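Biologist: Could you walk me through this structure, one feature at a time? I would like to learn how to read each one.

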Amino acid sequence: MAMLIVTALLQWREQDTARSALEGDMHWAERTIENRLHAHQDFLAGLGREQEFRQLTYEAFQVKSSRYIEDHPELDAIIWVSIDGKVEWVAPNEATATFVGDQLAGQRMEALQDALRTRRTLFSKDYKGSRLGSANDLILPVQQGSADIGAFIAIQSLEPLLRATLPTAFSARYALTIVDADNREVFSNTSIKPTDRQISGAISLDLPNNRLGLNIVAYRGGGAWLPFLPATLIILLTLIASITLVQLRRHAQHRADTEEQLRAAYAFRQAMSQSMITGLRAIDLEGRITFVNAAFCRMTGFDEGELVGIAPPYPYWPPEEFDKLQDNIDQALAGQAPAGGFEMRIMRKSGERFDVRLYFSPLIGTDGAQIGWMASMNDITEPKRVRVELERAHERFVTVIDGLDSAVHVAEVKTGEILFANRAFQNIFGFDAVGHNSAQVTAHCRPTAEMLARDPSTLTQEELPCELYDGELQHTLSGHWYHLHERAIRWVDGRIVRVQIGADITDRKHIDEVNLQQQKRLEQTSRLITMGEMASSLAHELNQPLSAIANYCAGCVKRMQAGNYRFDDLLAAMQKASDQAERAGKIIRRMRDMVKKSDPIRIAISLQELVDEARAFADIEAQRTGTQIIVDLPEKLPRIVVDRIMIEQVLLNLIKNGIEAMNDVPFERRRLSIHAERVDERMLEITVTDQGHGLAEEDIEKIFAPFYTTKPEGMGIGLAICRSIIEFHQGRLWVEPRREGGTVFRFTVPIEEEDE
C-alpha cells in the first residue's frame, strides 16, 4: 500500500505540473486572441470616425483596409453597407467574400439590425464563409448626428484567426476546438480526438452578441500504459506474496481445524451422554460397570466413582428385589433380554424406591468385537402413575356414561362404525352394537339425511365441532319418543365422528298431551265463565231488540184489528221488527261461537274485523261503567293468520280486565285504547292500554301464572289461557306498567305471508 501511495503521489505531481503549464498557456492564448480582436475593433472605429465626418473617401478606404488585411490574414474583407444591408464598398478589390451590390440576408442581416438598434459594436453568429470553415462579421455601426448612415463590417474566418494568432508550437502541443454558445463545435485544428481528457481547459471569448468558447486539450506524451506500469508491477508482486501466505495459513488452519474437530467430537459425545435425561450404563461381559452418565447418577443418587468397577449385586438394588434383578441381569448377559426391556423397581441412595425400564443392546469395540452391554434406563414412575390414573379416570367415565338414562353412542362418519356405546344405548339397540354399522343398528330411530343441518361427509377438521341435528323422533318399533342431539367432533385419534345423545321423552310427551287436553278444557271453562259473567249484561242488550219486536208486532195487530191501516205502514213496521230480530240473533250467535268446543282453525282475517266483534261484546260493559273505548288502527294493515274465536277471547279478556281496572278512577279518565302496528316482516303487535290502578312489581312477575289473580273474585286462569293461546300462534304476550298510571298489555300475532 505504501508503494502504491508513493507511485500515485508521483503521478499526481506530474499531472499537476502539466496542468500548471496548461493554465499558463491558456492565459497567454486568451490575452493574445482578445488583443487581436480588440485591434480589429479599433481599426473599424477609426474608419467609422472618418466616415462620420465625411473625411473618408473610397480610395482612402481601399488603401487603409487593404494594408490592414495584408497584415491580418484572418480577415477576408472589410465592407461598407447601408442601413438596409446593401454592400457599397469592398476592400480589397480582389476580395471574393462579397461584392459591391450584394444584399446581406439571414443572421447577418439580423446582426446588422441589432448593431444599428443598439449603436454598439457586435459580432454576428457564425456562418459558412467563402473559405473552408466558419466565419463571422465584426459590425461597427456609424451614425451622423442622431441618424444611422451605415456600418463597417470586417469579415473574419476562425481558422486563420487561430493560425495567425497562436504559434505553431502551441497548436502542436494542444488540440484546439472553437464551440458556440450552445457548445456545438465550430472549428477544430485537428480531426484526432485525444483519448485522455484529464488535462484540458476552456477559454470563454465574450464577444458582443456572440459568445465563443475555445476548448484546449493537451496531448499526452509517451504511451498511455506507462503511468500504470509501476502500480501493475507492485500489485502483481503483492498478489504473489499474498497467495503464498494464504496457502501457508490455510495449511496451518487445516491442521488446527482437524485437531479441533477431534476435540469437539470427543467433547460432543461426552456432553451428549452427560446431558441426556436417559440414564446410560455400560457393563463388560461379566456384568462389571465400566461407564455411567450423569443422568444415571442423578437417578440412583450414587457418584460415578461409587458405581464404576462394581459387579452384581449393584448398590442400587433393593434387598427385596435381589432375586428378580439378578435373574434380569443373567438374561441380559446371556443375550436373552426382551426387546421391550425390563420393568423393575430400584432404589436410590436415600432408600427411596422408584420404577424404571431398562433396555439392553450390545456394545461393539473399534475392532468390531463385542466388549460388553449398553443399557439405557428411563424413570417410569410418573408415566406409570399417570397411566394408572388414566385407567381409573376411564373407568369412572364409563361408569358415569353407563349410569345415564340417555343413550350415547359414537360412530365414525366415513364407515359408520360404532366406536362407543353406553349401557342405555345397548339396552335399546342391542348389546352387540359396538363395531357394527350405526345406520343399520339405529335404523328405527334415526334422522334422515334431509333432517341434518350439514352433510357429515363434507366436513373438514377446521369446521369441528359442528351441530348436525336436534329434534324429537319416535322409535318405529317400540313407539317410544326420543329427543336426539347429534354433533360432529374430532375423535381422540383424529377421525371425524358423530356423537348422538338420545333421551327418552315418552313420559313427557304423554304429560304434554294431557296438559294440552287440560288446557283445552280450561279454555272451554274460561269461555263458559266469561259467558256467565256476561249473561246479565247481555240480557239487558237482548231486551232492547226483543221489546222493539214486541212493540212493532203489537202495533201491527191493533191496526189490523181496527181496520185502520195502510199496507206500506205495516210493511215498514215488520221490516223494523225483522232487523231487531237479526240483531238479537247475532248476539246469540257470537255467544254460541264463543263457548263452542272446536279445534283451532287458523285463517287469514282482518284485524279490524276481529276488534269490531270483540268491541261489540265489550261495549255493553263499557256503557255500563262509563268507559270510553278508543280504537286506533293504521290503514292498510296486513291480515293476520289466527284462530278467530281464540284471538277474540284474548282481546275480550284484556278489554274486560282493563275496564274492571278503571272502576275506581274518575269517569273522565276511564279511557281504554286499542292500537296495532307492524313490528317486522312476520309479526303484528297489538296493544291494549288502560288508565287504571296499575300492577305492583311483584304482580307483574306472577300475573301470567295459573290461578294467580289480583281480583277478589277472579279465578286466576284468564291471563294464563291468553298467554297459551298467543304462544300457540307463535307470538308473545307481556305486560308493562304505564308511566302516567295504568297498564299496557302487548301481544304479537303472525302476519299473512305473500305465498299464503
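Modeller: Let's begin with Trp-89, which counts as buried because its relative accessibility is 16%; buried means under 20% relative accessible area, exposed over 50%, and partly exposed in between, with a 1.4 Å probe and protein chains only. Please keep in mind that this is a predicted model, where local features need pLDDT of at least 70 and side-chain atom pairs count only at pLDDT 80 or more, while totals for chains, interfaces and linings use all residues. Residues are numbered from 1 along each chain as its sequence is written, and side-chain values use heavy atoms, with hydrogens and water left out.

Biologist: How many aromatic pairs are there, and how are the rings of Trp-80 and Trp-89 arranged?

Modeller: Rings of Phe, Tyr and Trp (its six-membered ring) pair if their centres lie within 6.5 Å; planes under 30 degrees apart count as stacked, over 60 as edge-to-face and the rest as tilted. The count comes to 12 aromatic pairs by this rule. In one of them, Tyr-58 and Trp-89 have ring centres 5.7 Å apart and planes at 65°, so this pair is edge-to-face. Tyr-58 belongs to helix α2 (residues 58-71) and Trp-89 to strand β2 (residues 87-91), so the pair ties together parts that are 31 residues apart in sequence. Helices (H or I, at least four residues) and strands (E, at least two) are DSSP runs, numbered from the N terminus. Tyr-58 is partly exposed, at 30% relative accessibility. Trp-80 and Trp-89 make a tilted pair, with ring centres 6.4 Å apart and planes at 45°. Trp-80 is buried, at 3% relative accessibility. One aromatic cluster is formed by Tyr-58, Phe-61, Trp-80, Trp-89 and Phe-152.

Biologist: Which ring has the charged end of Arg-348 over it?

Modeller: A charge sits over a ring if NZ of Lys or CZ of Arg is within 6 Å of the ring centre and within 35 degrees of the ring normal. For Arg-348, the ring is that of Phe-354, with the charged end 4.0 Å from its centre. Lys-509 likewise lies over the face of Trp-481, at 4.4 Å from the ring centre.

Biologist: Now for the backbone: which peptide bonds are cis, and where is the positive phi of a residue that is not a glycine?

Modeller: Most residues other than glycine have a negative phi, and most peptide bonds are trans. Here the bond from Ala-91 to Pro-92 is cis, with omega near -5°, and Pro-92 is in the loop between β2 and α3 (106-118). Another cis bond joins Pro-312 and Pro-313, with omega about 0°. As for phi, Lys-636 has a positive value of about 60°. Lys-636 is in the loop between β22 (628-632) and β23, and counts as exposed at 83% relative accessibility.

Biologist: Which way do the side chains of strand β23 point?

Modeller: In a regular strand the side chains alternate between the two faces of the sheet. In β23 (residues 640-643), Ile-640 and Val-642 point one way and Val-641 and Asp-643 the other way, and all are buried. Strand β21 (residues 602-605) runs antiparallel to β23, joined by 4 bridges; two strands pair if DSSP finds at least two bridges between them. Across from Val-641 in β23 stands Ala-604.
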